[in-house]
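My notes follow the model.

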Amino acid sequence: MSFVDRYLAVWILVSMAAGLGLGRLVPGLGDVLAKVTVTGVSLPIALGLLVMMYPVLAKVRYNRLGTVTGDRRLLVPSLVLNWVLGPALMFALAWIFLPDLPEFRTGLIIVGLARCIAMVVIWNDLACGDREAAAVLVALNSVFQVFAFSLLGWFYLSVLPGWLGLEQTALDVSVGEIARSVLIFLGIPLAAGYLTRRLGERANGRIGPFALYGLLFTIVVLFALQGDAITSRPFDVVRIALPLLVYFALMWAGSMALGKAVGLEYPKATTLAFTAAGNNFELAIAVSIATFGATSGQALAGVVGPLIEVPVLIGLVYVALAVRRFFPDPGPSAASPAVVPEGPARV
């Protein structure tokens, strides 16, 4: 393992601290970064995600995707976890933990509706998950996200609270805005990876480090954007963090257990767990800012999402590698090409 791979958790924590420090100590940095946009999308974040995701997606064996799409043991649980249980669990936790803070509660519910389509490919690859399965599931999530996000937002913020006699909230977001987010944060790196694969480049290890560099750069930018808001409201961050911690733990552990129960081998069970536990924080933040304003509690809740998700999911990478021994050995032919004897996989 390389020096960067071996101490990845350390570099991620350093990147988070650097981003928070820059956002707090450099006057106006967050505002400057926020203004570097293309059609409302943060250009630094988009570039970071492209650099992060491209090496992984270039390694996907696209000729194997047909075998993944025919695996109902994987697809059906993924759809149920992502579009039924995930939003419902976040709704319940938001009301349990934040009954007196409607702005934060609404922001968390929006985070729960935005299913992961981007950074999950990194966590999955580090945990030696199935790359082809991850590509299929994030693509499936992206399609459902375009058509279901607004409908679910209306249901969980207006309809269901009304049925339960709770406070109702309106969410105004267009299908076009969601589609644009999906195109930029998944479509571009996916197309680049596919074309690379088709043109004959086998994406060997020499492009691997760039995925990690892209990840660290994205983390620095994300936390620098909201460093001042996060560090100036620590108590609010803690209140928002508690339900998020419970959410990630329950979704990941439950999904991993479900994968084993339905007979999935470790690589696909891992992919199921990470795609179910992760969230599309880029979309959640964009929707919260567009609907409620950049300084709103909803936007702060969206920003706290990756603050908690990044360290928790990198921790779960190590947990996944530790529990791999409880899954049957699929044999050399079926094993993920990312498997390594110890520690996170090189991407």
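This is a predicted model: local features need pLDDT of at least 70, side-chain atom pairs count only at pLDDT 80 or more; totals for chains, interfaces and linings use all residues.

**Aromatic pairs**

I counted eight aromatic pairs, taking rings of Phe, Tyr and Trp (its six-membered ring) as paired if their centres lie within 6.5 Å, with planes under 30 degrees apart as stacked, over 60 as edge-to-face and the rest as tilted. I looked at W83 and F144 in detail: the ring centres are 5.9 Å apart and the planes stand at 25 degrees, so this pair is stacked. The pair links distant parts of the chain, with W83 in helix α6 (residues 72-97) and F144 in helix α9 (residues 131-163), 61 residues apart. Helices here are DSSP runs (H or I, at least four residues), numbered from the N terminus.

Residues are numbered from 1 along each chain as its sequence is written, and side-chain values use heavy atoms, without hydrogens and water.

I then checked burial (buried is under 20% relative accessible area, exposed over 50%, partly exposed in between; 1.4 Å probe, protein chains only). W83 is buried at 9% relative accessibility. F144 is partly exposed at 33%.

Next I took F91 and Y156. Their ring centres are 5.6 Å apart and their planes are at 50 degrees, so I noted the pair as tilted. F91 is in helix α6 and Y156 in helix α9, so this pair ties together parts 65 residues apart in sequence. F91 is buried at 7% relative accessibility. Y156 is buried as well, with a relative accessible area of 7%. I also found a cluster: ring pairs link F91, F155, Y156 and W163.

**Charges over rings**

I looked for NZ of Lys or CZ of Arg within 6 Å of a ring centre and within 35 degrees of the ring normal. R105 lies over the face of W95, 3.6 Å from the ring centre. K260 lies over the face of F327, at 5.1 Å from the ring centre.

Which residues does T169 contact, leaving aside neighbours within four places in sequence? I found T106, L157, S158 and F292, with contact meaning heavy atoms within 4.5 Å. T169 sits in the loop between α9 and α10 (175-198). At 19% relative accessibility, T169 counts as buried.

**Helix α4**

I ended on L47, which is in helix α4 (residues 43-58). L47 is partly exposed at 45% relative accessibility.

Terms used: Helices (H or I, at least four residues) and strands (E, at least two) are DSSP runs, numbered from the N terminus.
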